[in-house]
Amino acid sequence: MKRYFLRGCLFSCYLLLWNCSPSETADEEAVATEVIAQDTTDDSISAPVVEVPDNTLQPVQEITLHAIGNTQEDMAYKEDTLEVTAQSLVNLTFINEGVDMPMMHNVVFTTPDKYKQVAMAAAEVGASGNYVPKSPAVIAASPMALPGQTVELEFTAPAKPGYYDFVCTYPDHWRKMHGTLLVK
Ligand SMILES: [Cu+2]
């Protein structure tokens, strides 16, 4: 009798243990599934952040351009050539050293040999169009800098190396104020 009772007990204990272990495994599986689910969510959140280093790989170039002179005769860009690397992010600081009001200048980058054409179209656009025509020949344009003002312009340099142009599109300034953008 005693022996059967003991055997019965052991069997019950065995059953208890057997019942416990699968449920624990099931819990662990549930936890594992949750972790995987969280990881997937994290990946989708961090996805746009991953794109940022792609932009930072683009070389950044800081260049400075000065407008000098204070009359229609002696006004000029101090630098007649600017050099940038193809497809780099160009950070241009444009300093207008003019003193009197007619010395309003900007800098407009154009495709090769189109600076005069762009300047002519700009004069027609006038002040309301900020002296920048809507033209495929315009690569980038700075805001107009009043005498003594400094303006900034950020743009991506052309992908194709070559000689491009830049010009001040304030009416009649193109004759004295134009230069070459050398893209290497
Ligand atoms: Cu000008």
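Two strands count as paired here if DSSP finds at least two bridges between them. Keep in mind that every view below shows a predicted model.

**View 1. Strands β8 and β9, side by side.** β8 and β9 (residues 178-183) are antiparallel partners, with 6 bridges between them. Look for Tyr164, whose bridge partner in β9 is Leu181. Phe166 sits opposite Gly179, again in β9. As a reminder, strands of a sheet pair through backbone hydrogen bonds, in either a parallel or an antiparallel way.

**View 2. Strands β5 and β8.** Here β5 (residues 108-110) meets β8 (residues 162-167), the two running antiparallel and joined by 3 bridges.

**View 3. The whole sheet.** Step back and you get an open sheet of 5 strands, ordered β3-β9-β8-β5-β6, with mixed pairing. β3 (81-84) and β6 (138-141) are the edge strands, each pairing on one side only. On average, neighbouring strands of this sheet are turned by 25 degrees against each other, ignoring direction.

**View 4. Helix α2 on the sheet.** Helix α2 (residues 115-125) lies across β5, β6, β8 and β9. Relative to β8, α2 runs at about 25 degrees.

View 5. Ile95 belongs to strand β4 (residues 89-96). Ile95 counts as partly exposed because 17 other C-beta atoms lie within 10 Å, and a buried residue would need 20 or more. Beyond its neighbours within four places in sequence, Ile95 is in contact with Thr64, His66 and Thr150. His66 is 29 residues away from Ile95 in sequence, yet their C-alpha atoms are 4.8 Å apart.

Technical notes: Residues numbered from 1 in each chain as written. Predicted model: local features only at pLDDT ≥ 70, side-chain atom pairs only at ≥ 80, totals over all residues. Helix = DSSP H or I, 4+ residues; strand = E, 2+ residues; numbered from the N terminus. Buried ≥ 20, exposed ≤ 12 C-beta atoms within 10 Å, placed from the backbone. Contact = placed C-beta atoms within 7 Å. Axes fitted to C-alpha atoms, helices over the stretch in contact; angles between N-to-C directions.
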